[in-house]
Amino acid sequence: MKKRTKAIIAVIVGAAILIGGIRGVNESRYPNAPAFDDHFTRKFLNKDKKVDDGFYEFKSKTGQYTMWFPEEYQVLHKYREDYTRNGESYENWSASYIKPYENDQQTYAIKAEFSENDMKSELIYVESLFKEQLDSKKPKQLETSHTRIYYDYAYTYFRGTNQHIVHDSKENPPNLYVAYVADKNSDKVIKLIYDSVGENTETNKMDRKKWFLKMLQSIKFVKGN
């Protein structure tokens, strides 16, 4: 009986070691980046396609678009509202990156929403978004061969419960960026908001602007769906 018990224990231990070894091999297949440390975030990323320094290709679960995703970030999924999807027509996700800073932390967040808005009412949607987020009606514009991009940014802070929005601040680089990206060939759109919270989160306006525009210009909507 003792020999049988020892044999069973040996099998269990051996299986555990084998499973652990397989998991270790599987883990080593992924790039050494925070985005791939999270099992949920991995599902959206192409581990073999590092599209630029610090970015991997992100593929929406709707199958309707791809974009560049920063490797330091992870898609949130603790709460139901962190990630929602309705078939192929709607997807809403948030991602964050938390960096320790002295005795506090710096928090960087991205929020993206994919939907279908009537192209004829595009300017109405754009005006509403930028009025709500930045108290601005005339965002900056640029185009790629397939998309129209509206974007703007500002430095924001709270005094009590009141939010203050400062455009063209000479003392503080922007910490809130907003964009509306529309497909030229369909009603597909993505609203993208980036913000940062914490002391000295933003130090260089041009670097952050280039980073943000890289993501916006990387968005590609799938044709024919």
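Colleague: Which residue forms a salt bridge with Asp52, and how far apart are the closest N and O atoms?

Modeller: The general idea is that side chains of opposite charge can pair when their charged atoms come close. In this predicted model, Asp52 pairs with Lys214 in a salt bridge whose closest N and O atoms are 2.8 Å apart.

Colleague: Where in the structure do Asp52 and Lys214 lie?

Modeller: Asp52 sits in the loop between helix H3 (39–42) and strand E1 (55–59), while Lys214 belongs to helix H5 (residues 205–218), so the pair ties together parts that are 162 residues apart in sequence.

Colleague: How should I read the accessibility of Asp52 and Lys214, and what is the relative value for each?

Modeller: A residue counts as buried under 20% relative accessible area and as exposed over 50%, with partly exposed in between. Asp52 is partly exposed because its relative accessibility is 25%, and Lys214, with a relative accessible area of 35%, is partly exposed as well.

Colleague: Which residue meets Glu57 in a salt bridge?

Modeller: The side chain of Glu57 meets that of Lys49, with a distance of 3.3 Å from N to O. Glu57 is placed in strand E1.

Colleague: Are Glu57 and Lys49 buried or partly exposed?

Modeller: With a relative accessible area of 18%, Glu57 is buried, whereas Lys49 is partly exposed at 38% relative accessibility.

Colleague: What is Glu57 in contact with, once its neighbours within four places in sequence are left aside?

Modeller: Lys49, the salt-bridge partner of Glu57, is one of these contacts, and the others are Phe44, Leu45, Asn46, Val51, Thr66 and Met67.

Colleague: Which residue pairs with Arg208 in a salt bridge, and are the two buried or exposed?

Modeller: Arg208 forms a salt bridge with Glu202, where the closest N and O atoms are 2.9 Å apart, and both of these residues are buried.

Colleague: How many salt bridges does a search of the whole structure find?

Modeller: The search finds 10 salt bridges, including the pairs Asp52 with Lys214, Glu57 with Lys49 and Arg208 with Glu202.

Colleague: Which residues gather in the patch of positive charge on the surface?

Modeller: A patch of this kind is made of residues with over 30% relative accessible area and no salt bridge. Here Lys43, Lys59, Lys61 and Arg85 gather in such a patch of positive charge.

Colleague: Where is Arg85 found, and how accessible is this residue?

Modeller: Arg85 is found in strand E4 (residues 83–86), and this residue counts as partly exposed because its relative accessibility is 44%.

Notes. Residues numbered from 1 in each chain as written. Predicted model: local features only at pLDDT ≥ 70, side-chain atom pairs only at ≥ 80, totals over all residues. Heavy atoms only, no water. Patch = residues over 30% accessible without salt bridge, like charges linked within 9 Å, V, L, I, M, F, W, Y side chains within 5 Å. Areas by Shrake-Rupley, 256 points an atom, 1.4 Å probe, with all protein chains shown as cover. Salt bridge = Lys/Arg side-chain N within 4 Å of Asp/Glu carboxyl O. Lys, Arg positive; Asp, Glu negative; His and termini not counted. Charge placed at Lys NZ, Arg CZ, Asp CG, Glu CD. Helix = DSSP H or I, 4+ residues; strand = E, 2+ residues; numbered from the N terminus. Buried < 20%, exposed > 50% of the residue type's maximum accessible area, 1.4 Å probe, protein only. Contact = heavy atoms within 4.5 Å.
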